Structures are given as structure tokens and as C-alpha cells.
Amino acid sequence: MWYKPSQSLADPGIIPIPKAAQDNFLDFEGELTIITSKDAKDISISDAPSYILGYTVGNDLTARLFQLPNVNGGQFTYSKSFDKFAPIGPTIVSAATFGPITEKRIKTTVNGRIVQDSPLDLIWGPAELVSFLSQGRTLPAGTAIMTGTPSGVGWFQQPQHSLENGDLVEVSIDGIGTLSNTLKFE
């Protein structure tokens, strides 16, 4: 696991891409994102649902080359924590309104081309994630937890495809909506 500082959060719209990330294989990761409702510390899996405000759509932007162990020592947090590298939105939907996660799909497009299209098939469910992350530390109310991405990211495409200046990335999740971001190289 790794984290994104609060400066990484962004709204739908234009995402400024810093020079340090532009030439390091800029990639997308469409993800379901959990938003916590209240401070959580050392909570059980059974109590975790009462700490979940709801869900939104996220794009876990990543400069992949910083993750390579033989190049940069595998700097996952650094590769994902640039300013505005965690756009979320367009809305938060309550867990009750959203319904069962396993009945939903996630789809990501880049400039209209479908690159991810998958059921929401999480390794760890929202309750397990919130409980685990709260052990020994306080998750503040309003914490955004990205849950992981399905196959189809640019790094694993054949041929590989890095995001470029002006690309439009749209991530859609059934029952929530579509997060749209345009990348703008600084």
C-alpha cells in the first residue's frame, strides 16, 4: 500500500502534469474510491460499514517509471503523489444507495477508446480495507481510499501506451457517474 497526500486530491476537469512526471510513463488507474464518514481508529470489519460515507470514482494517476526497482528503487508513493494526481468525483453516493459492489462495472476510456471495462471485483471489500487501514492509526473523516484498478492500464497494454498532453481520461462506475479529466502538461 501507499498513500497520496491531500495535495494530490483533485476535482473533475483539467489536471496539471508537472515536468517531473511527464517523461516517466504517465498512466491511469480507474478505481472505486471509499470516502469515510467519521474518524476511524482500530475498528473491526463488522463496525467498518458505519464509517463509510459512500463511494465515488477515482483515477490513481501514476508516473510508472518511478516504480521500477532497478531504475528508481521502486518509489510507489513518489510515483503517485504529485499534486492533483488523485482526481475524484463527480459525486459521492451513499453505500445504501449504491448497493452491492459486485453488481457494478467500471469503465475507463482515453480519448474515447475503452481501455478498462470490468466488474468491480475487489480483492478486499470496503469493510476490510477501512478496518485494516484504521489499525493503529486514525483515518480522519473524509479520507479517500482508492481500492485498486482492473486490467487495462497503459503500462500493460501491447504496445504500451503512456498518457500525453491533452488526453481526456474518463472513468465511469455504474450508479455513480463519470469522472472526466484532461491532462495538461505544465
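**View 1. The bridge partner of Val171 in strand 14 is Leu179.** The model is predicted: local features need pLDDT of at least 70, side-chain atom pairs count only at pLDDT 80 or more, and totals for chains, interfaces and linings use all residues. Residues are numbered from 1 along each chain as its sequence is written, and side-chain values use heavy atoms, with hydrogens and water left out. Strands (E, at least two residues) and helices (H or I, at least four residues) are DSSP runs, numbered from the N terminus. Two strands pair if DSSP finds at least two bridges between them. Strand 13 and strand 14 (residues 177-185) pair in the antiparallel sense, with 6 bridges. Another residue of this pairing, Ser172, stands opposite Thr178 in strand 14. The two strands form a hairpin with 3 residues between them, and in the turn Gly175 has a positive phi of about 85°.

**View 2. Strand 13 (residues 168-173) has a covered and an uncovered face.** Val169, Val171 and Ile173 make up the covered face. Leu168, Glu170 and Ser172 make up the uncovered one. Strand 9 (residues 105-110) is joined to strand 13 by 5 bridges, and the two run antiparallel. Here Thr109 stands opposite Glu170 in strand 13.

**View 3. Strand 2 and strand 14 run parallel.** They are joined by 5 bridges. Ile17 has Phe185 as its bridge partner in strand 14.

**View 4. An open sheet of 5 strands has the order 1-8-6-4-12.** The pairing in this sheet is mixed. Its edge strands, strand 1 (9-10) and strand 12 (144-146), each pair on one side only. Within the sheet, strand 4 (residues 30-36) and strand 6 (residues 52-59) run antiparallel and are joined by 7 bridges. Gly30 has Asn59 as its bridge partner in strand 6. Helix 5 (residues 126-134) packs on the sheet and touches strand 4, strand 6 and strand 12. The direction of helix 5 makes about 95° with that of strand 6. For such angles, axes are lines fitted to C-alpha atoms, for helices over the stretch in contact, and the angles run from 0 to 180 degrees between N-to-C directions.

**View 5. Helix 5 is mostly covered.** Of its 9 residues, 7 are buried; buried means under 20% relative accessible area, exposed over 50%, and partly exposed in between (1.4 Å probe, protein chains only). The buried residues are Pro126, Ala127, Leu129, Val130, Ser131, Leu133 and Ser134. They pack against strand 4, strand 5 (40-41), strand 6, strand 11 (138-139) and strand 12.

**View 6. Phe98 and Val130 touch the most other members of the largest nonpolar core.** Such a core is a set of buried Ala, Val, Leu, Ile, Met, Phe, Trp, Tyr and Cys residues joined through side-chain atoms within 4.5 Å. Strand 2 (13-17), strand 4, strand 6, strand 9, helix 5, strand 13 and strand 14 each give two or more residues to the core. The largest share, 4 residues, comes from helix 5. In soluble globular proteins, nonpolar side chains tend to be buried together. Leaving aside neighbours within four places in sequence, the contacts of Phe98 (heavy atoms within 4.5 Å) include Leu32, Val93, Leu120 and Ile173.

**View 7. Tyr55 and Phe98 form a tilted aromatic pair.** A search of the whole structure finds 6 aromatic pairs. Rings of Phe, Tyr and Trp (its six-membered ring) pair if their centres lie within 6.5 Å; planes under 30 degrees apart count as stacked, over 60 as edge-to-face and the rest as tilted. The ring centres of Tyr55 and Phe98 are 5.2 Å apart, with the planes at 50°. Tyr55 is in strand 6 and Phe98 in helix 4 (residues 95-98), 43 residues apart. Both Tyr55 and Phe98 are buried. The charged end of Lys104 sits over the ring of Phe98, 5.1 Å from its centre; this requires NZ of Lys or CZ of Arg within 6 Å of the ring centre and within 35 degrees of the ring normal.

**View 8. Phe66 and Tyr78 form an edge-to-face pair.** The centres are 4.8 Å apart and the planes make 80°. Phe66 lies in the loop between strand 7 (62-63) and helix 2 (69-72), and Tyr78 in helix 3 (residues 76-80), so the pair ties together parts 12 residues apart in sequence. Phe66 is buried, with a relative accessible area of 13%, whereas Tyr78 is partly exposed, at 40%. Ring pairs link Phe66, Tyr78, Phe82 and Phe85 into a cluster.
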